[in-house]
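The following exercises concern a structure of two chains. Work through each task before reading its solution.

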Amino acid sequence: MSTINRKLPMILLLAFPTILRAQDLKLPPGVERLAAKAKETVEVNMDGPMLRWAAKFLSTEDPEEKKAAKLVANLKGIYVRSFEFSEEGAYSAPEVDVLRAQFHSPEWSRVVGVRSERQGDNVDIFFKLENEKMAGIVIISAEAKELTFVNIVGPLEVDQLADLGGEFGIPKLKTKPQSSKSVAKADKGEQK
Amino acid sequence: MTETNKDPNLLEDALRDALHRKDAPEGFTASVLARIAQQYSTTREVKRTSWLSIVSAPLVRWAAFATVSICLVIGGVHYRNVQREREGEAAKQQLMLALRIAGNKLQLAKEKVNEINTSRPERHPQKRSPRSRS
């Protein structure tokens, strides 16, 4: 069992290119395995027709839903997996590296990469560009007790999306004083 | 002219005889009650027969069938709409949740980047070397 666990990241890493070509970048199967360990799991799979159908139920009077409707108008899919664990160390760094590795291709640009050793908050944001236009975004957020993978396929306004993060009852994040031990890297525009 | 008309006493006697109280014959009450009961049941039977005849009329039968069918169709469509509405609402909630999570993580990244930018010592122009200015 432990041998399988040790080899799993490598197996997944080798399997990713095939999976990606077949599914136009959806979630790797290894992510599903974490659901067994998670205290809470959020799973959202919405393809284009589903998004358009769901958008029909968005209110035109509610400002948040109005923004959301505008945002998803041209999207082709939204795929989210979020795992919340009761203890730290439920997932290993190689497992997250496997997730990140699939975006080390010319069509993907890693625009933000944050590493915080002290707080353990690591966030990676990858943009997919087609003809110099945004064609998709992937967010991998690996926190001490939480692992989140977001894949949004299609053109979208990133600022609008970030705005929505502070709504729906969840307050926008406030600036905290920087810890001296935090090691972070922000490499905007970095091409991988 | 009859004899009673001729003699008033005879008329009186005849009247007295006619109006003389007589006991009902034996079984009279039972026969009356039996007749009443028979009449009542006959009336009900006639009424029942007429009601059934209305229901069994082809036109009424078809009308009833059509009404039930229409009610079933309307009920089915309504149920489907309600189901659709529920599914749509659930899909909307999923969509909002996905956007909320994505937006939240974007903000987290933004926040981390801001932290880094604010913590980095600003480069003062006066400290730069003359070569770097040119």
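**Exercise 1.** Determine which residues lie opposite Thr148(A) in E6(A).

Solution. Step 1: E5(A) and E6(A) form a hairpin with three residues between them; strands here are DSSP runs (E) of at least two residues and helices are runs (H or I) of at least four, both numbered from the N terminus. This is a predicted model, in which local features need pLDDT of at least 70, side-chain atom pairs count only at pLDDT 80 or more, and totals for chains, interfaces and linings use all residues. Residues are numbered from 1 along each chain as its sequence is written, while chains are lettered from A and ligands numbered from 1 in the order in which they are written.

Step 2: Strand E5 (residues 133-142) of chain A pairs with E6(A) in the antiparallel sense over seven bridges, pairing being assigned if DSSP finds at least two bridges between two strands. In this pairing, Ser141(A) stands opposite Thr148(A).

Step 3: Strand E2 (residues 77-84) of chain A also pairs with E6(A), in the antiparallel sense over eight bridges, and Ser82(A) stands opposite Thr148(A).

**Exercise 2.** Explain why strand E6 (residues 146-153) of chain A is described as largely enclosed.

Solution. A residue is buried if 20 or more other C-beta atoms, placed from the backbone, lie within 10 Å of its own, exposed if 12 or fewer, and partly exposed in between. Seven of the eight residues of E6(A) are buried, so the strand is largely enclosed by the rest of the structure.

**Exercise 3.** Characterise the crossing of H3(A) and H4(B).

Solution. Step 1: The axes (lines fitted to C-alpha atoms over the stretch in contact, with angles from 0 to 180 degrees between N-to-C directions) of helix H3 (residues 48-55) of chain A and helix H4 (residues 58-119) of chain B come within 8 Å and cross at roughly 105°.

Step 2: That angle makes H3(A) roughly perpendicular to H4(B), because 65 to 115 degrees counts as such, whereas under 35 is roughly parallel, over 145 roughly antiparallel and the rest oblique.

Step 3: Residues are in contact if their C-beta atoms, placed from the backbone, lie within 7 Å. H3(A) contributes Met50(A), Leu51(A), Trp53(A) and Ala54(A), and H4(B) contributes Gly88(B), Ala91(B), Lys92(B), Gln94(B) and Leu95(B).

**Exercise 4.** State how many residues each chain gives to the contact.

Solution. Chain A gives 43 residues and chain B gives 29 residues. On the side of chain A that touches chain B, helix H6 (residues 158-165) of chain A gives the most, with six residues.

Note on methods
Two residues are in contact if their C-beta atoms, placed from the backbone, lie within 7 Å.
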